[in-house]
There are 4 protein chains.
Amino acid sequence: MPDIDLIVREIAEEMRARPDRGDVATYIPELARVDPAGFALAVVDVDGHVAVGGDADVAFSIQSISKVFTLTLALGKAGNRLWERVGREPSGSPFNSIVQLENERGIPRNPFINAGAIAVTDVILSGHQPKEALGEILRFMRFLADDPTISMDDAVAASEQRTGFRNRALANYMKAFGVLENPVDYTLGVYFHHCAIAMSCRQLALAGRFLAHGGRNPATGHSVVSPERARRINAIMMTCGHYDGSGEFAYRVGLPGKSGVGGGILAIAPRKASIAVWSPGLDASGNSHLGRIALERLTQRLGWSVFG
Amino acid sequence: MPDIDLIVREIAEEMRARPDRGDVATYIPELARVDPAGFALAVVDVDGHVAVGGDADVAFSIQSISKVFTLTLALGKAGNRLWERVGREPSGSPFNSIVQLENERGIPRNPFINAGAIAVTDVILSGHQPKEALGEILRFMRFLADDPTISMDDAVAASEQRTGFRNRALANYMKAFGVLENPVDYTLGVYFHHCAIAMSCRQLALAGRFLAHGGRNPATGHSVVSPERARRINAIMMTCGHYDGSGEFAYRVGLPGKSGVGGGILAIAPRKASIAVWSPGLDASGNSHLGRIALERLTQRLGWSVFG
Amino acid sequence: MPDIDLIVREIAEEMRARPDRGDVATYIPELARVDPAGFALAVVDVDGHVAVGGDADVAFSIQSISKVFTLTLALGKAGNRLWERVGREPSGSPFNSIVQLENERGIPRNPFINAGAIAVTDVILSGHQPKEALGEILRFMRFLADDPTISMDDAVAASEQRTGFRNRALANYMKAFGVLENPVDYTLGVYFHHCAIAMSCRQLALAGRFLAHGGRNPATGHSVVSPERARRINAIMMTCGHYDGSGEFAYRVGLPGKSGVGGGILAIAPRKASIAVWSPGLDASGNSHLGRIALERLTQRLGWSVFG
Amino acid sequence: MPDIDLIVREIAEEMRARPDRGDVATYIPELARVDPAGFALAVVDVDGHVAVGGDADVAFSIQSISKVFTLTLALGKAGNRLWERVGREPSGSPFNSIVQLENERGIPRNPFINAGAIAVTDVILSGHQPKEALGEILRFMRFLADDPTISMDDAVAASEQRTGFRNRALANYMKAFGVLENPVDYTLGVYFHHCAIAMSCRQLALAGRFLAHGGRNPATGHSVVSPERARRINAIMMTCGHYDGSGEFAYRVGLPGKSGVGGGILAIAPRKASIAVWSPGLDASGNSHLGRIALERLTQRLGWSVFG
């Protein structure tokens, strides 16, 4: 039986030493300050054992990884009616593309591109004040990770509020087609803030456990979603979780995963483990460069690819 | 332990009785004649046991399912240099779209859309006469299925030769960018013919076994590809195997799969089974309507989704 | 010599009687209330004689026709540096398309599509408060028409402020690429207000005289722009003045022209006359249906097409 | 009164001396051999006087300029039914773009992009052998220029036959949508050959006279088309004659014109003159670099812009 602790530590050491680290995202000014040398990896297996390597307790901005959790929340609220407002097909386009919206009457291709996640946020917000929606999302993250210390980084949220013109364009465009129901500023406010949730790899891996174990958190025994819904969220992570690099991630890593421009990736090994990795440098598609390589190593050494 | 034989028979009976059957493809005149009432399902497990339901020994035109096998052959010839001529990302577009080619200098997004499969065929053809290439492809299919009776349906190939203007446009367009090396007519001739291979569900499921079992056919003991390559082909089937319905297939079925406009689908349950289904009526994305529903039933009842 | 007064009256009578009137724009709620039966035509010849037919003194919302005048103003401020922020090619796309912006780094194709006119407005605004910029635009219109009564319809501006999500998307998108320098809300505020200028056909035809006469208003003797600039503005009106109906307008009418969704069109017969027409019903490209037909009649009867 | 002979000679001298000459087209191998130093200008006024400068009797490949004449012929055959197969709007895209065809069911935007001219050629061909159609086109050119020596350059036609994969893609794509009626190879054969017509500037300017004079050749008295049709062809030349550089040509030159990749441009000064210019070096949009500048000079000095 493989020694997961050893493997995780070895991968973390290899990654910390590599010179090729990708480029830290600069389009959100606050994120541009992050040290590209950071690296962390955390794996929670079915028994709740957490294997860690690198800065596994350093918090980073989860950014688009929050989209997995807001999708879960919105499905809980709207059920399958959610799919009237957002598709579930890979877009074949960059994360912030607006072309597809024009051609498809404002319906985003999937919940993991920016436009789709804004539409999902609008569903969560529905009928509430932004503060209430944010409170609900934060409580959900704390509940999933069983950790009341998780919080939002207001400086990051404010930074994107000031500069997120492209997301503002996406939101107004969907509003023009009636895809958003709330005031654009409300929906974007909630969106920018949930992207600014700060978590460590340890916390993130713990929060993702329900997706690896049929919708249930094995530690707490809480059922978060049905087994079918957990499978389906994983499926969307597999086909859409890395924007126009989703095919590459499936090809190399072989697990459902969701990346964020903060450099984090949440990956799910169904029935085996929930995995979080972090390295701030990104590749051309906006996904963590070393994060992806680390996950490729991990699945190869453990034989965890879902593809055999 | 579930009784696969019983489950397969029950699904076949349910599907044969359903009134919603999709629409038989008409763009290849010869295919338009097929009876929409046909249905078949075949599952080959790790021990070689074949569970069948419906017309499992009736041959149909495998069409684009052949792209899985030509990709395997071309990777054997060109190795990773193949990826200089074709990508491996979902296209987010219909199977015969040409827009993406114009924007990306003639490089098709993946080997499972028509343009990509034509580029793959060009790699197989390289340095040979069309007849030799076709002979090689046919021998490979017979070897994989361990069945020397598999053949091509010349009437179907001729029908598409006469009417396949859109594929001819794709091929000439790639030729303009230097992506094809052989004369366009040679490459298209081989492409139309390998799409016209006729196989039954039983034969197709047997031919796909190497993908379920680490690249090795457990019956013959022959190693077809390395375990890593088998995983990677499965990954491309998962993200790109159903054109702009790939996300939907992953979401509902949860297995790597490849469809053809003849109504067939090959699906792989890694480490468990190779599965073939056939029903000629198609959905809006050009994938078998009942074939997809049958696979959804099968994976639900057997718990075979790779997503948990 | 043709009797212009008679021809104008006859055309107005024919148009008022026609049953096919197009559809009044509904996307700005305030505009949707306009009576589709309205029609007016005014022609000012080189001697200053104004031939009128129909409701030539009824004010309507000039909407995008204002883009001709803001372009003139912005060229006066920025000169040819304006062309660093906006192109001068037909877009081949609808007036509010965003696709082209994504593919061309936020630079609008021409100053007469919405995105381009917003960029032009941003140039006029530069370094001023919105109120000052609006004052300047209004003074310019009054100066051109030699009529101090011209004003803005605040209800129309407010209506578009509340509902103009698509323009808001365009503006934010350009802001993301650095094409806009001022706060998005400032630029849009000025844009929505100058589109809400209300003018009659008589006033509009008078305001356009400088374009027909080498940049000089023959009535006042004021030189507005150089002869070369007048020609060039006319050229852009010819190729881009009617969105994706520009080719059709050139083909049928044969004059440079600019339409607005309020149903107005300003057309220029170089060296001969400035022409304004108004009929609120629009065709599929968003241009006045009867307005275009009336201009076609007029140029045929007077032999005014620039194309021979 | 300006001395046209002097002006034409001075412009030709200036152009011959300029170091910036653009790049000779290389995508048709036979054209790549042309000497970039060539320059010619010919102006035929209403009285039939021909002012010439430079190599006005050197024949060059007229390439896409032939599209003006095939459009004229096809309108003579099909009348306004031609517009069911091709539009008349600027495309906003390069001359050989295929994207627009996919989005608009195979109907080309206008008769002056490659796809549109192929569709027009198909109309001329209808019901004839390629040789007959080519004979008819050549006779028409000789008739228009009143010069029986005009011929096709078979080496150029053969060169494009061998390498015109992109045009072959366009034609097959339209065939797939039913926009072409004849065998693709027939239509393309005629298309490649009429593009390979060789003419001098003198011949070309003479051939274009009917467009400047209400559809009638003032020299021969022959009526080629109605005055309305002549105006309309001029209108399409204005909005679509220079691909995605049409706006620029209208802005700078102010005349209807049609360019070819051989470096020629035919421009029409309605009621005044027919003008041909030739310089083989092209700009980024595929239009003659010095040809356009020479025409800009000419219209400025003679005050011939249609825009005032």
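## Basis of the model

The structure is a predicted model, in which local features need pLDDT of at least 70, side-chain atom pairs count only at pLDDT 80 or more, and totals for chains, interfaces and linings use all residues. Residues are numbered from 1 along each chain as its sequence is written, chains are lettered from A and ligands numbered from 1 in the order in which they are written, and side-chain values use heavy atoms, with hydrogens and water left out.

## Chains A and B

Contact here means heavy atoms within 4.5 Å. By that rule, 34 residues of chain B touch 34 residues of chain A. The two chains bury about 3,100 Å² between them, and 51% of this lies on carbon and sulfur atoms. Buried area is the accessible area (1.4 Å probe) that two parts lose on being put together, summed over both. Three residues, Arg232(B), Tyr251(B) and Phe307(B), supply 26% of the area that chain B buries against chain A, more than any other three residues.

Two copies of a chain are related by a rotation about an axis and a shift along it. Copies are superposed by least squares on the C-alpha atoms of residues with pLDDT of at least 70 in both. The copies meet through the same surface, because 100% of the interface residues of chain B are also interface residues in chain A.

## Chains C and D

The contact between these chains takes 34 residues from chain C and 34 residues from chain D. Chain C and chain D bury about 3,100 Å² between them, with 51% of it on carbon and sulfur atoms.

Chain C is laid on chain D by a turn of 180 degrees and a shift of 0.0 Å along the axis, with an RMSD of 0.0 Å. That is the relation of a two-fold axis. The same surface serves both copies, as 100% of the contact residues of chain C recur in chain D. Gly92(C) comes closest to the rotation axis among the residues of chain C, with its C-alpha at 2.3 Å.

Chain B and chain C do not touch, and their nearest C-alpha atoms are 10 Å apart. Chain A and chain D do not touch either, with their nearest C-alpha atoms 10 Å apart.

## Salt bridges

Side chains of opposite charge can pair when their charged atoms come close. A salt bridge is counted when a side-chain nitrogen of Lys or Arg is within 4 Å of a carboxyl oxygen of Asp or Glu. The search of the whole structure finds 76 salt bridges over all chains. One of them joins Arg301(B) to Glu10(B), whose closest N and O atoms are 2.8 Å apart. This pair links distant parts of the chain, 291 residues apart: Arg301(B) is in helix H13 (residues 289-302) of chain B and Glu10(B) is in helix H1 (residues 4-17) of chain B. Helices (H or I, at least four residues) and strands (E, at least two) are DSSP runs, numbered from the N terminus.

Salt bridges also cross between chains. There are four between chain B and chain A, including the one between the side chains of Glu248(B) and Arg88(A) (2.9 Å, N to O). There are four between chain C and chain D, including the one between the side chains of Glu296(D) and Arg232(C) (3.5 Å, N to O).

## Cavities

On a 1 Å grid over the protein atoms alone, a cavity is a set of points where a 1.4 Å probe fits but cannot get out, while a pocket is an open set with protein on both sides within 12 Å along at least five of seven lines; lining residues have an atom within 4 Å of a point. Grid points are joined across faces, edges and corners, and a volume is the space filled by probe spheres set on the points.

The whole structure holds six cavities of 30 Å³ or more. The largest cavity has a volume of about 90 Å³. Its lining has 14 residues, and those nearest its centre are Tyr251(C), Arg252(C), Val253(C), Ser305(C) and Arg231(D). H11(D) gives the largest share of this lining, four residues.

## The second largest pocket

This pocket has a volume of about 500 Å³. It is lined by 24 residues, of which Thr26(C), Tyr27(C), Phe95(C), Asn96(C) and Arg166(C) are the closest to its centre. Strand S1 (23-24), helix H6 (154-163) and helix H7 (165-176) of chain C are the elements that give two or more residues to the lining. H7(C) gives the most, with three residues.
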